[in-house]
2 protein chains.
Amino acid sequence: MTLKATRSQTDVLDVLRQHGGALSAYDVLGTLRMTNPTISAPTIYRALAALAASGRVHRLASVSAYIAAAPTTVGNTAILSICDDCGLVEQNAAPDLLTELTKLAEQSGFSEMNDVIELHGRCASCVGSMEQA
Amino acid sequence: MTLKATRSQTDVLDVLRQHGGALSAYDVLGTLRMTNPTISAPTIYRALAALAASGRVHRLASVSAYIAAAPTTVGNTAILSICDDCGLVEQNAAPDLLTELTKLAEQSGFSEMNDVIELHGRCASCVGSMEQA
DNA sequence: TACGCTTGCGCTATATTATAACGTAACGCA
DNA sequence: TGCGTTACGTTATAATATAGCGCAAGCGTA
């Protein structure tokens, strides 16, 4: 477990923060290649893995993307609401719900839980703009 | 939206049921190729998409795998507990928790939610067999 | 300083997962 | 019969992710 952020990690995190929303690993790679043409996929994935392990980045497994953790979710599991139309991602801490979910798994003998909670749907703005259909 | 299961769908579902646990799409492909050497990836993915849409199969996004829905979760979203050691998957219906999660997203204006809930950890049996370490 | 350990990264290659695009066959129905 | 729809075959390729290996930098110890 690393204590200090490496150069790659800060670079990757900067790209994600700058963008705001979710990006694929290769989107990040493409962006970083503008300034560092020789950076490669394994470097990105290593940085993302470290950032995700320390809770500074959330992985969106259901869409193979990554997003910088919002201040309220840094270091924690986040409940991620994802708009299937525009890609907007909302981050939500909701510790009580996470506790309940973990309890559920522990009732079956599981332990050391690490949750992936991704809620797909349409955001308010996309539902609104469908009205014209 | 299809009403009747196609041949590919029943074949894919049979493989998943036979195996019991989670399989990657290419595992299913490999299995089906034993009896039908010309079946190809798109056919498998089309069948998996239809089966998942109708709730007969759950997609495990966080590990890129698929599993036949347990009787209690057919047609519904399932809370999936996944053992990171042995791959065991537990399926849990828990409709109240799902309702709460959906409500959470709806408070932010989201609608038409479709949830992905995957809890990673170690199953009882794997925790037990680590004791010798 | 010199040594050895650990960590991170470059780099190449490759594995794994998933879909695009197009044509054809089969089916149901007007 | 002719039309529309759906599923599938087929080829190719896109997109996502990791293995494996060697080098170099930093750190602690002597």
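Predicted model: local features only at pLDDT ≥ 70, side-chain atom pairs only at ≥ 80, totals over all residues.
**View 1. Overall layout of chain A.** Chain A has five helices and five strands. Read from the N terminus, its elements follow the order α-α-α-β-β-β-β-α-β-α. Along the principal axes, the C-alpha atoms of chain A fill a box of roughly 50 × 45 × 20 Å. Of its 133 residues, 35% count as buried. Among contacts in chain A between residues at least 6 apart in sequence, those joining residues at least 24 apart make up 49%.

**View 2. The side of chain B that touches chain A.** Here 30 residues of chain B are in contact with 31 residues of chain A. Two or more residues each come from β3 (79-83), β4 (89-92), α4 (95-107), β5 (111-122) and α5 (124-128) of chain B. Which of these elements gives the most? The answer is β5(B), with 12 residues. By type, the residues on this side of chain B divide into 15 nonpolar, nine polar and six charged.

**View 3. Strand pairing between the chains.** Strand β5 (residues 111-122) of chain A pairs with β5(B) in the antiparallel sense, over nine bridges. One of the bridge partners can be picked out by residue: L119(A) has D115(B) of β5(B) as its partner.

**View 4. The axis relating the two chains.** Two copies of a chain are related by a rotation about an axis and a shift along it. For this pair, a rotation of 180° with 0.0 Å of shift along its axis superposes chain B on chain A, with an RMSD of 0.0 Å. That is the relation of a two-fold axis. Within chain B, the C-alpha nearest the axis belongs to I117(B), at 2.4 Å from it.

**View 5. The β1-β2 hairpin of chain A.** Strand β1 (residues 57-60) of chain A and β2(A) pair in the antiparallel sense over four bridges. Across this pairing, R59(A) has Y66(A) in β2(A) as its bridge partner. Four residues lie between the strands of the hairpin, where S64(A) takes a positive phi near 50°. In a regular strand the side chains alternate between the two faces of the sheet. Strand β2 (residues 65-68) of chain A is covered on both faces, with A65(A) and I67(A) buried on one side and Y66(A) and A68(A) buried on the other.

View 6. L60(B) stands opposite A65(B) of β2(B). From β1(B), V57(B) and R59(B) point one way while H58(B) and L60(B) point the other way, and all are buried. The hairpin has four residues between its strands. S64(B) lies in the loop between β1 (57-60) and β2 (65-68) of chain B. Is S64(B) buried or partly exposed? S64(B) is partly exposed, because 13 other C-beta atoms lie within 10 Å.

**View 7. Positive phi at non-glycine residues.** Most residues other than glycine have a negative phi, and most peptide bonds are trans. Phi of S64(B), which is not a glycine, is near 50° and positive. A positive phi, of about 55°, is also found at E112(A), again not a glycine. E112(A) sits in strand β5 of chain A. This residue, E112(A), is exposed, because 12 other C-beta atoms lie within 10 Å.

**View 8. Around L16(A) in the nonpolar core.** The largest nonpolar core has 67 residues, of which L16(A) and L16(B) touch the most other members. Leaving aside residues up to four places away in sequence, L16(A) touches L23(A), V28(A), V57(A), Y66(A), I67(A) and A68(A). Y66(A), I67(A) and A68(A) are among the buried residues of β2(A).

**View 9. T99(A) in helix α4.** T99(A) lies in helix α4 (residues 95-107) of chain A. Because 10 other C-beta atoms lie within 10 Å, T99(A) is exposed. How far apart in space are T99(A) and A61(A)? Their C-alpha atoms are 21 Å apart, while the two residues are 38 residues apart in sequence.

Definitions and conventions
Residues numbered from 1 in each chain as written. Chains lettered and ligands numbered in written order. Contact = placed C-beta atoms within 7 Å. Nonpolar A, V, L, I, M, F, W, Y, C, P; charged D, E, K, R; others polar. Pairing = 2+ DSSP bridges. Least-squares fit on C-alpha atoms with pLDDT ≥ 70 in both. Buried ≥ 20, exposed ≤ 12 C-beta atoms within 10 Å, placed from the backbone. Core = buried A, V, L, I, M, F, W, Y, C linked by C-beta atoms within 7 Å.
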